[in-house]
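This note sets out several points on the structure shown below. Please read each one with the structure open.

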Amino acid sequence: MTNDSHLMFEKYIASRNPVIEKAEPALDPVGKEDADINNDGVVDKQDEYLRKRRDAIAQKIHAKEESEEQNALNSHYNVNHEALDLVEHLMDHPKKYQKSDVVKILTIAADHLNHKA
């Protein structure tokens, strides 16, 4: 390529690929968030909407986690309560059961307590 054609080629490439200016950081630094949630440079109704939406989502997630935790505790309590009821029934009626039945009931109760604890 000659020098003139080389310059023309570079101008053509430059016109096809404009230089992209370095944009300002789009996100706020961690720990330095501000009220402009959508980072458009203006605090307006959109930011208020996004804040309320994020708060609502966070509340639902927190409520779901609490509900799952409570269900796990209730399940644990119910299983342990059933096992202890078996033992209590056995103690209240000792002459009603044979030795082999007592062993079975205590084994079942121990399994419930060990596996669900």
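1. Accessible areas come from the Shrake-Rupley method with a 1.4 Å probe. For the protein chain of this predicted model, the accessible surface comes to about 10,700 Å². Carbon and sulfur atoms account for 57% of that surface.

2. The protein chain has 3 helices and 0 strands. Read from the N terminus, the order of its elements is α-α-α. Of the 117 residues in the protein chain, 7% are buried. Among contacts between residues at least 6 apart in sequence, 22% join residues at least 24 apart.

3. The residue F9 belongs to helix α1, which covers residues 3-16. Together with Y12 and I13, F9 makes a nonpolar surface patch of about 290 Å². Why can F9 be called partly exposed? The relative accessible area of F9 is 42%, and the term applies because this value falls between the limits of 20% for buried and 50% for exposed.

4. A second residue deserves attention. D47 is located in helix α2, which comprises residues 45-92. D47 is buried yet forms no salt bridge. The nearest side chain of opposite charge is that of R54, at a distance of 8.1 Å.

5. What, then, surrounds D47? Leaving aside residues up to four places away in sequence, D47 touches A35, D36, I37, N38, D40 and V42. With N38 there is a further detail: a polar atom of the D47 side chain lies 3.0 Å from the backbone nitrogen of N38.

Methods:
Residues numbered from 1 in each chain as written. Predicted model: local features only at pLDDT ≥ 70, side-chain atom pairs only at ≥ 80, totals over all residues. Heavy atoms only, no water. Helix = DSSP H or I, 4+ residues; strand = E, 2+ residues; numbered from the N terminus. Buried < 20%, exposed > 50% of the residue type's maximum accessible area, 1.4 Å probe, protein only. Lys, Arg positive; Asp, Glu negative; His and termini not counted. Salt bridge = Lys/Arg side-chain N within 4 Å of Asp/Glu carboxyl O. Polar contact = N/O pair within 3.5 Å; in protein donor to acceptor, adjacent residues only side chain to side chain. Contact = heavy atoms within 4.5 Å. Patch = residues over 30% accessible without salt bridge, like charges linked within 9 Å, V, L, I, M, F, W, Y side chains within 5 Å.
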